[in-house]
Amino acid sequence: MASEDTDSFLQKMEDKFHDHNSESESFSSSDDDHAKASKSNVYRLFGREQPVHKVLGGGKPADILLWRNRRSTGIALGAGTAFWFFFEMMGYHLITFICHLLIMSLAALFLWSNASVFIHKSPLHIPQVVIPEECVLEAASAIRAEVNRAFVVLREIGTGRDLKKFLSVIAVLWVISVIGSWFNFLTLFYLFYLSLFTLPLLYEKNEDQVDAMGEKAMIEIKKQYAVFDAKVLSQIPIAGFKKD
């Protein structure tokens with residue numbers, strides 16, 4: 001009799017233990033689902049839905065920009081810095097540099113090809129360089145798509161129907177013109193090149209904080225634009241003007 005009571009007691013304890021585990025598992029699964037749902041609703045800059053590595057195209061270029069391959073990143077960054085220093089700080093001109101480089105290369109090849117007869121050496125084998133047609137077509141197709149997209153934007157602005165886009169393009173061009181007045185083209189290009197190796201890395205390490213700040217900034221910009229739209233833009237008579 002005592003053994004039966006003991007067995008029933010143990011059975012009840014096991015049932016309670018299993019019920020508690022099932023409840024905890026259901027709670028944990030619901031918490032995971034809630035975390036995934038909340039994570040999917042997090043604001044990301046520029047509507048980004050993929051990781052930064054995927055946005056940058058993945059593969060070796062993304063590894064270099066995000067410092068996954070430090071040796072390749074160091075070589076690329078060092079070469080760009082040396083290029084900028086050589087032409088900007090030393091006052092060397094690009095066309096002059098290319099011409100001098102071609103002169104030295106052709107002179108070295110010409111002298112070696114003729115000297116090989118006298119020193120009884122085999123002539124230097126110069127490989128034939130041919131640009132594949134597929135590469136040219138792919139590059140031309142990509143450039144064509146971007147140019148057509150720019151023409152579409154310019155056409156929409158030219159029709160005078162999208163005032164918001166018109167003001168956005170004007171603001172971007174004005175900012176670029178101001179920044180361009182501070183630096184020459186080579187320095188501006190180098191700063192852009194340098195930003196490719198710094199901004200994506202900093203964003204990847206602090207994306208949650210940056211996205212939160214970006215969301216607050218976008219909310220404030222939309223508020224200010226709504227006020228500007230109500231007080232100024234709505235008073236401007238534009239034929240076919242479309243509002244968002």
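The model is predicted. The protein chain holds 10 helices and zero strands, and buried residues account for 11% of its 244 residues.

**Overall fold**

- Along the sequence, the pattern of the protein chain reads α-α-α-α-α-α-α-α-α-α.
- Of the contacts in the protein chain with a separation of 6 or more, 57% are between residues 24 or more positions apart.

**Helix H4**

- Helix H4 spans residues 70–89, which is 20 residues.
- From its first C-alpha to its last, H4 reaches 27 Å, close to the 28 Å expected at 1.5 Å a residue.
- The buried residues in H4 include Thr73, Leu77, Gly80, Trp84 and Phe87. They lie on the same side of H4 because they cover an arc of only 115° around the axis.
- An α-helix has 3.6 residues a turn, so residues three or four places apart point the same way.
- Arg71, Ile75 and Met89 are exposed, and they sit on the face of H4 turned away from its buried side.

**Packing of H4 against H8**

- Two packed helices are described by the angle between their axes and the distance between the axes.
- Helix H8 covers residues 185–196, and its axis comes within 10 Å of the axis of H4.
- The two axes cross at roughly 165°. Angles over 145 degrees count as roughly antiparallel, and H4 and H8 are therefore roughly antiparallel to each other.
- The crossing of H4 and H8 is left-handed.
- On the H4 side, the residues that meet H8 are Ala76, Leu77, Gly80, Thr81, Phe83, Trp84, Phe87 and Glu88.
- On the H8 side, Leu186, Thr187, Tyr190, Tyr193 and Leu194 take part in this contact.
- Leu77, Gly80, Trp84 and Phe87 are among the buried residues of H4, and these four residues also meet H8.

**His53**

- His53 is located in helix H2, which covers residues 52–55.
- With a relative accessible area of 17%, His53 is buried, because the cut-off for buried is under 20%.
- Leaving out residues up to four places away in sequence, His53 touches Gly58, Gly59, Ala62, Asp63, Leu66 and Arg68.
- Pro200 is 147 residues from His53 along the chain, and the C-alpha atoms of these two residues are separated by 9.0 Å.

Definitions and conventions. Residues numbered from 1 in each chain as written. Predicted model: local features only at pLDDT ≥ 70, side-chain atom pairs only at ≥ 80, totals over all residues. Heavy atoms only, no water. Helix = DSSP H or I, 4+ residues; strand = E, 2+ residues; numbered from the N terminus. Expected span 1.5 Å × (residues − 1). Buried < 20%, exposed > 50% of the residue type's maximum accessible area, 1.4 Å probe, protein only. Arc of directions from axis to C-beta. Axes fitted to C-alpha atoms, helices over the stretch in contact; angles between N-to-C directions. Parallel < 35°, antiparallel > 145°, perpendicular 65-115°, else oblique. Left-handed = near helix turned anticlockwise from the far one by under 90°. Contact = heavy atoms within 4.5 Å.
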